Amino acid sequence: MTSTTYSLDAIATNPSIAALCHSDTALARGIDNSPPHSLLPNLQRLQSGLAAIQNLLGSAISISSGYRCDELNRAVGGVPGSQHQEGLAADFECQGFGSPIEIALAIADSAIAFDQLIVEFGRWVHISFSPTPRRQMLTIYSSARGYQDGIVTEDGRRLA
Ligand SMILES: [Zn+2]
């Protein structure tokens, strides 16, 4: 994860495509993370999904990772074939709302048509949007434990 995040200035505004493609790692390593034009529809889908989440949470979200070109995905240790590479996924926090688990529960309770919602390492929320949203919910605390079904606390209680 990178340390600098983008905050969305106002509720109900979409994050810019530039914010969705920004990466401190890419800048530090000289990786060109510009998306191909063919991915713009996906990035726009992600944009509007994140705006809906920001409206739901009522507080600015901070995006740490959105689109990743193949080289950047490898550099950050992303899962090969990740939806980040398609411009369909973002990792974010919303400190004005609550913890990643609290954020995930609010999204789970909403009608937002996400594809995957993953609480990752107790530190951020990964969300993706696709034309065929599965509303799949997962939690991962460590690579050793792997993905667990649902939104799960660190001590193993499944909340959603
Ligand atoms: Zn992610």
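What percentage of the 160 residues of the protein count as buried? The share is 32%, where buried means 20 or more other C-beta atoms within 10 Å of a residue's own, exposed means 12 or fewer, and partly exposed lies in between, with C-beta atoms placed from the backbone. The model is predicted: local features need pLDDT of at least 70, side-chain atom pairs count only at pLDDT 80 or more, and totals for chains, interfaces and linings use all residues. Residues are numbered from 1 along each chain as its sequence is written.

The protein holds five helices and seven strands. These are DSSP runs numbered from the N terminus (helices H or I, at least four residues; strands E, at least two). Their order from the N terminus is β-α-α-α-β-α-β-α-β-β-β-β. The C-alpha trace spans about 40 × 35 × 30 Å along its principal axes.

Helix 5 covers residues 100-109. Its buried residues are P100, I103, A104 and I107. They sit on the same side of helix 5, because they cover an arc of only 95 degrees around the axis; the arc is that of the directions from the helix axis to the C-beta atoms. These buried residues pack against helix 3 (40-57), strand 3 (89-93), strand 4 (116-120) and strand 5 (124-128). Contact here requires C-beta atoms, placed from the backbone, within 7 Å.

Two loop residues follow. F121 is found between strand 4 and strand 5. F121 is not a glycine, yet has a positive phi of about 60 degrees. F121 counts as partly exposed because it has 14 C-beta neighbours inside 10 Å. R135 lies in the loop between strand 5 and strand 6 (136-140). R135 has a positive phi of about 50 degrees, although it is not a glycine.

Methods:
Contact = placed C-beta atoms within 7 Å.
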